[in-house]
Amino acid sequence: MIGSSMSAVGRIWRSGRGDVRVYLLSVFSLAVAFVCLASALLVVFNLRAVETRWARAGRISVYLRDGTSNDQVAQLRKALEQTPAVASTRHVTAADARKEMVDDGVAGSLAVLPVEAFPATIELALTDDVTDEQVAAIAQKLRDVPSIESVETYQRWTDRISALVRGGVAASAVLALVVLAAVVSVISSTMRFALHRRRVEVEVLKLVGATDRFVRGPFLVEGALQGAVGAAASLALLAVLYAIVRGKFDDELGLLLGIRPTFLPWEIMASMIAAGAMLGALSAFAGVRKLSAV
Amino acid sequence: MVRNVSAFRPALRSGQRFDVSAAARPILSFESVFKSYRTDQPVLRGTNLVIERGEFVFITGPSGAGKSTLLRLVYCAEQADDGRILFLGRDVARLTEQSIPVLRRNMGVVFQDFRLVPAWTVFDNVAIPLEILGLPSRLIRTRVGEVLERVGLSGRGADKVSGLSGGEQQRVAIARAIVGEPALILADEPTGNLDPQLAIDILGLFEEIHETGTTILFATHDRSLLELRSHRIVVLNDGRAIDVPDGLAITIDEDDVQPVDDFTIPMAKVAV
């Protein structure tokens, strides 16, 4: 078994070594195609993480009407803390809100505004298992409370990010189709070229009794290798670019997105390489399906 | 060492049983075979020919007589328009696509232009019929070594064939043809690209192979080779195979001959 596998590997190397330069060009073209897909997947993957992060932010800001007494706030907090979906509450007075704004330096110019310009809030931290429906129900009930001006669930942000993710997924799907066409085109052309270069070999093989399967075998393996190496090279290239970008903009991205961006998980990378190999083998098969008759 | 003919077992597809009665049949017979590439120029016109097991047969005739076509029909590179070609009693035209490779494993084919893979080594070129059979690499190494020694290329396995002389390349092609111990060897002008002395050497090599019991069909238009050895000669003339029992080098009556290019066939002594 091992001997025959070694023999098969030797046969593939013997047949394909003359076409190494052509295969390297093919791998480069495939890497360029795959890097587009991998980039789109990286963006979608991180957008999904942002969506999850914001969906799991699990907080509600309850804006209180001016003149709400401390007793009313205390009663409200007590009632909220007894609600199963609420993990904790925090009262942010108008003065606290002004102080947070000014101290964060986010809007230092707002320091000139009077304290009354900043609304007092109760910040609710929700439990991890809270559903969108529960959040909506809590918000609806709070809006009916006379001392509450408005309720912010941040659902709009989640919706926007979800829309962005959907757009990213659609873009990735389109890119996947482009990559599919590129891979099929590049590998089948390369294989047809290789078949033409090796027509004497094919002729000899058929002459001495090789089946079509035996003749095609090395071409399919070479196609699969091109696809897999092309995908792996694209991931390596993207990883280098990602490391450079992250090294320079890590803090800004973290602040902007609320998460630390991460590279594609190994499952996705392995799937990409496997898909590259499979596509490569299928494209090679398409390229050499008609072996010239001897 | 002459191979025991009755012990011959052709390579068969898995699941197929060897028909013992096949051993008693002629190894190859052509029955009214017609073949034309253009309707107005038939190459073979009702060719009949029987090759017995263990024979050495020269197939000769002028250029375009159909020598190569006759051989190509045997290994199914061409299909006959009509008639039957029986290899061990089985009509090769009725073989399925899957069976043709199995048929070819029972034959060795040698060409004028060698048909070697130039990028491969001598060993690789010779070993390929055994690799196709899926033999273990150790056995392949042993067998290829033996065959290379037999054709006078011992120790040349690692050489690239592109660096060999014409005679050496033809020896590699012969080694490839015999490495699988085929029942039949088809040689299509194997000396056509070689100088006269090398041609005689190569012919001698085929004769050595023939002595082991292998049937050889040797297509050539080189009259000097035909005159040199006393093997059965079949002339392809006007699309038919004509047996020349006494060879071409015989004294004949001028009124009794029919010229065919540079071949002069004594018609009175011909068995059609």
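## A walk through chain B

Start at strand β7 of chain B: Leu184(B) there is the bridge partner of Met107(B). Helices and strands here are DSSP runs numbered from the N terminus, with helices being H or I of at least four residues and strands E of at least two. This is a predicted model, in which local features need pLDDT of at least 70 and side-chain atom pairs count only at pLDDT 80 or more, while totals for chains, interfaces and linings use all residues. Residues are numbered from 1 along each chain as its sequence is written, and chains are lettered from A and ligands numbered from 1 in the order in which they are written.

**Stop 1: β6 and its partner**

Select β6(B) and β7(B) together; they pair in the parallel sense over five bridges. Two strands pair if DSSP finds at least two bridges between them. Now show the side chains of β6(B). Met107(B), Val109(B) and Phe111(B) point one way, Gly108(B) and Val110(B) point the other way, and all are buried. Buried means that 20 or more other C-beta atoms lie within 10 Å of the residue's own; exposed means 12 or fewer, partly exposed is in between, and C-beta atoms are placed from the backbone. In a regular strand, side chains alternate between the two faces of the sheet. Since five of the five residues of β6(B) are buried, the strand is largely enclosed by the rest of the structure.

**Stop 2**

Zoom out to the open sheet of six strands, which reads β6-β7-β8-β3-β9-β10 in chain B, with mixed pairing. At the edges stand β6 (107-111) and β10 (240-244) of chain B, each with a single partner strand, so one side of each has no neighbour in the sheet. On average, neighbouring strands of this sheet are turned by 20 degrees against each other, direction ignored. (Axes are lines fitted to C-alpha atoms, for helices over the stretch in contact, and angles run from 0 to 180 degrees between N-to-C directions.)

Next, pick β3 (residues 56-60) and β9 (residues 232-237) of chain B: they run parallel and are joined by four bridges. Click Thr60(B) and you'll find its bridge partner, Val235(B), in β9(B). Two residues are in contact if their C-beta atoms, placed from the backbone, lie within 7 Å.

**Stop 3: from α6 to α5**

Angles under 35 degrees count as roughly parallel, over 145 as roughly antiparallel, 65 to 115 as roughly perpendicular and the rest as oblique. Who meets whom? Gly167(B), Gln170(B), Arg171(B), Ile174(B) and Ile178(B) in α5(B) meet Leu198(B), Asp201(B), Ile202(B), Leu205(B) and Ile209(B) in α6(B). By class, this contact has six nonpolar, two polar and two charged residues. Nonpolar covers Ala, Val, Leu, Ile, Met, Phe, Trp, Tyr, Cys and Pro; charged covers Asp, Glu, Lys and Arg; the others, Gly among them, are polar.

**Stop 4: α3, on another side of α5**Now select helix α3 (residues 122-132) and helix α5 (residues 166-178) of chain B, which pack at an angle of about 25 degrees with their axes 7 Å apart. That makes α3(B) roughly parallel to α5(B). The contact brings Val122(B), Asn125(B), Val126(B), Ile128(B) and Pro129(B) in α3(B) up against Val172(B), Ala175(B) and Arg176(B) in α5(B). By class, it has six nonpolar, one polar and one charged residues.

Colour α3(B) by burial: eleven of its eleven residues are buried, including Phe123(B), Asp124(B) and Glu131(B). After the helix comes Gly134(B), with a positive phi near 75 degrees.

**Stop 5: the chain A contact**

Bring chain A into view. The contact takes 19 residues from chain B and 18 residues from chain A. With five residues, α3(B) gives the most to the side of chain B that touches chain A. That side has eleven nonpolar, two polar and six charged residues.

**Last stop: the β1-β2 hairpin**

Finish with β1 (residues 28-38) and β2 (residues 41-51) of chain B, antiparallel strands joined by eight bridges. The hairpin between β1(B) and β2(B) runs through two residues. Click Lys35(B) to find its bridge partner Leu44(B) in β2(B). β1(B) also pairs with β4 (residues 82-87) of chain B, in the antiparallel sense over five bridges.
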